[in-house]
Amino acid sequence: MRKIALKIIPNLAIITPSFNPEDGWVDNYIHSCKSIEKILNVDSISWILVNDGSTKLISSFDIDRISSEVDNFQYFNLEKNRGKGFATRHGVDHSSADYTIYTDVDFPYLDENVLSVYQALLNGSDLVLATRNQNYYKQISSKRAWISRNFRSAVKMLFNIPTTDTQAGLKGLSLLGKKALLDTKIDRYLFDLELVKICAKRKLNITEVEATLKHNIDLPGVSLKILSKEVNLVRIFFGRRGRGGEGGGEGEEWVGFSLLF
């Protein structure tokens with residue numbers, strides 16, 4: 001596993017897991033880092049990029065270029081694709097910063113939204129969730145919007161947590177929030193839902209901030225097959241109910257998501 005060492009220990013780490021990023025991602029990454037550094041106006045930021053077993057478009061030349069242009073840059077290359085949850089935990093686990101923000105490698109949300117997340121952390125939040133407004137659904141495909149809305153309905157129906165919008169790709173963590181994330185077990189998309197559930201159970205301070213997609217962002221489609229597999233993992237950790245009473249075991253059933261997907 002290739003790793004680039006950190007020069008100093010900043011107070012804020014920004015983690016970006018990545019798998020097969022789009023063409024032009026290096027220019028966008030460097031531009032986004034510099035733009036966010038300017039708007040946050042902090043002494044230093046640790047930038048941690050975790051390559052989750054990409055099969056294309058991440059070369060040693062790309063990493064050397066980022067490292068030469070972005071201060072306090074760390075790179076971790078996972079040889080095997082393990083999923084966004086695993087890659088995010090890997091990056092967070094290698095950070096010594098007091099505060100952590102994680103987002104997607106294309107930095108899909110406005111810089112001002114990143115600032116709002118950071119300010120909420122400074123104000124005492126343990127987990128800061130970006131929430132998507134109605135304009136978000138106008139910027140994405142109808143299929144993705146349908147899945148997102150139905151997923152939020154399912155979360156509201158099935159989980160005792162203070163939000164239904166768990167999947168936006170921008171979140172902030174205090175040290176307590178970081179501990180909660182490192183305690184998650186799900187490796188792929190729905191690790192965010194598991195994180196919110198853990199934080200709610202531990203009665204941590206959870207804050208929501210509204211976020212807006214940048215105009216040039218084209219989000220990829222969502223696979224119902226992959227999402228259904230993720231739902232089964234969530235069932236294992238939080239939603240199981242045995243036919244023979246509390247405790248589950250063989251013959252478990254789970255009510256809710258089958259009605260929506």
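**The whole chain**

The accessible surface of the protein comes to about 13,000 Å², of which 48% belongs to carbon and sulfur atoms; accessible areas come from the Shrake-Rupley method with a 1.4 Å probe, and for residues only the protein chains shown count as cover. This is a predicted model, in which local features need pLDDT of at least 70 and side-chain atom pairs count only at pLDDT 80 or more, while totals for chains, interfaces and linings use all residues. Residues are numbered from 1 along each chain as its sequence is written, and side-chain values use heavy atoms, with hydrogens and water left out.

With the cartoon shown, you can find 9 helices and 7 strands, where helices (H or I, at least four residues) and strands (E, at least two) are DSSP runs numbered from the N terminus. Of the 261 residues, 51% count as buried, a term that means under 20% relative accessible area, whereas exposed means over 50% and partly exposed lies in between (1.4 Å probe, protein chains only). Among contacts (heavy atoms within 4.5 Å) with a separation of 6 or more, 81% are between residues 24 or more positions apart.

**First selection: helix H1**

Select residues 25–40, which form helix H1; its 16 residues reach 22 Å from the first C-alpha to the last, close to the 22 Å expected at 1.5 Å a residue, the expected span being 1.5 Å times one less than the number of residues. Now show the side chains of Trp25, Val26, Tyr29, Ile30, Ser32, Cys33, Ile36 and Leu40, which are buried. They lie on the same side of H1, because they cover an arc of only 165 degrees around the axis, taken from the directions from the helix axis to the C-beta atoms. On the other side of H1, His31 and Lys38 are exposed.

What do the buried residues of H1 pack against? Their partners are strands E1 (12–18), E2 (45–52) and E3 (73–78), together with helices H2 (60–69) and H4 (111–122). Just after H1, Asn41 takes a positive phi of about 55 degrees.

Colour the strands next: 7 of them form an open sheet in the order E3-E2-E1-E4-E6-E5-E7, with mixed pairing, where two strands pair if DSSP finds at least two bridges between them. E3 and strand E7 (206–211) stand at the edges, each with a single partner strand, so one side of each is left without a neighbour in the sheet. Neighbouring strands are turned by 20 degrees against each other on average, direction ignored.

E1 and E4 run parallel and are joined by 4 bridges, and Ala13 stands opposite Thr100 in E4. Moving to strand E6 (residues 170–173), Leu170 and Gly172 point one way and Lys171 and Leu173 the other way, and all are buried. Strand E4 (residues 99–103) pairs with E6 in the antiparallel sense over 4 bridges, and strand E5 (residues 127–132) pairs with E6, also antiparallel, over 3 bridges. Lys171 is the bridge partner of Tyr102 and of Leu129.

Within H8, centre on Asp192, which is buried with a relative accessible area of 2%. Not counting residues up to four places away in sequence, Asp192 touches Tyr102, Thr166, Gln167 and Lys171.

Terms used. Axes are lines fitted to C-alpha atoms, for helices over the stretch in contact, and angles run from 0 to 180 degrees between N-to-C directions.
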